[in-house]
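User: I'd like to learn how to read salt bridges in a model. Can you walk me through it?

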Amino acid sequence: MEGADQIARRTGAASHDLLVVLGSGAANALRGWGEPAASLPLSDLPGVRAPLAPGHEDRLDSYERAGRRVLVAQGRTHLYEGHGPAAVVALARAAAASGVRGAVLVNANGCLREWGLGEVVTITDHLNLTGASPFEGTVFVDVRGVWDEGLVAVLRDVTQREGTYAALRGPEYQTGAETRMLASLGADCVGMSTVLEAVALHQLGVRVAGMSVVSDLSLSAEPTDPDEVVRLAAAAHPVLAAGVGAVLETALEVREGPDGA
């Protein structure tokens with residue numbers, strides 16, 4: 001795959017072990033790791049578009065950490081940017097082709113429970129309400145195991161909460177009626193990303209974990225401030241870094257994919 005070949009050439013690493021995608025306000029959450037071994041624009045990879053949302057950067061870093069190579073995307077492409085599902089999951093597919101066996105996907109959310117701003121949620125399940133799929137054709141995937149139970153257990157010891165993440169297309173935030181509907185469906189938090197990436201990675205045999213920062217209280221009467229979302233996500237950097245570090249320390253054994261491959 002051309003994307004994986006370019007990652008190898010530009011980073012000097014034949015393969016990588018872990019992918020980390022940092023969402024709104026989470027860019028540079030791993031600053032404590034020091035300087036990356038190599039960096040390149042995300043948009044240099046075939047099919048990957050430069051992120052447009054606030055708090056996202058067009059940068060892919062490669063780190064040497066704990067005897068492994070880690071790809072860290074400092075932003076992501078969203079479905080609402082209008083490029084279609086293929087652009088949303090292009091990085092995930094390139095990373096999987098480059099050898100990653102695990103992924104940590106980070107985002108910011110609107111909270112549907114009485115939780116605190118700035119708390120970090122381990123994603124245990126999802127509702128895909130985007131109206132989109134990363135697949136075309138007869139790609140029948142059992143998505144019940146998208147969120148790897150072993151990695152969920154690792155993050156559970158680091159984050160303050162755990163729950164179900166509902167993904168909407170966006171870019172508009174939901175109405176009060178939509179918020180009440182999502183809560184009644186069993187969603188604990190809501191956002192506009194992550195799920196298509198997670199499903200694509202799962203189908204490729206990558207173990208997936210997710211962390212979501214409570215950056216807005218959706219049941220509040222106060223309007224959502226996008227800048228405040230970014231600020232609150234940035235305040236959660238220490239927990240996010242600890243979560244990524246905990247996953248990195250976990251043995252990322254190669255597992256069979258959902259299709260037995």
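User: Which residue forms a salt bridge with Arg-113?

Analyst: The general idea: side chains of opposite charge can pair when their charged atoms come close. Here Arg-113 pairs with Asp-188, at 2.9 Å from N to O. A salt bridge is a side-chain nitrogen of Lys or Arg within 4 Å of a carboxyl oxygen of Asp or Glu. Arg-113 sits in the loop between β5 (102-111) and β6 (120-129) and Asp-188 in the loop between α4 (176-184) and β8 (189-191), so the pair ties together parts 75 residues apart in sequence. Helices (H or I, at least four residues) and strands (E, at least two) are DSSP runs, numbered from the N terminus.

User: What should I know about the model and numbering?

Analyst: It's a predicted model: local features need pLDDT of at least 70, side-chain atom pairs count only at pLDDT 80 or more, and totals for chains, interfaces and linings use all residues. Residues are numbered from 1 along each chain as its sequence is written, and side-chain values use heavy atoms, with hydrogens and water left out.

User: Is Asp-188 buried or exposed?

Analyst: Buried, at 14% relative accessibility, while Arg-113 is partly exposed at 27%. Buried means under 20% relative accessible area, exposed over 50%, partly exposed in between (1.4 Å probe, protein chains only).

User: Which residue meets Arg-207 in a salt bridge?

Analyst: Asp-148, at 2.8 Å from N to O, and both Arg-207 and Asp-148 are buried.

User: Which residues are linked in a network of salt bridges?

Analyst: Glu-57, Arg-59 and Asp-61. The closest N and O atoms of Arg-59 and Glu-57 are 2.4 Å apart.
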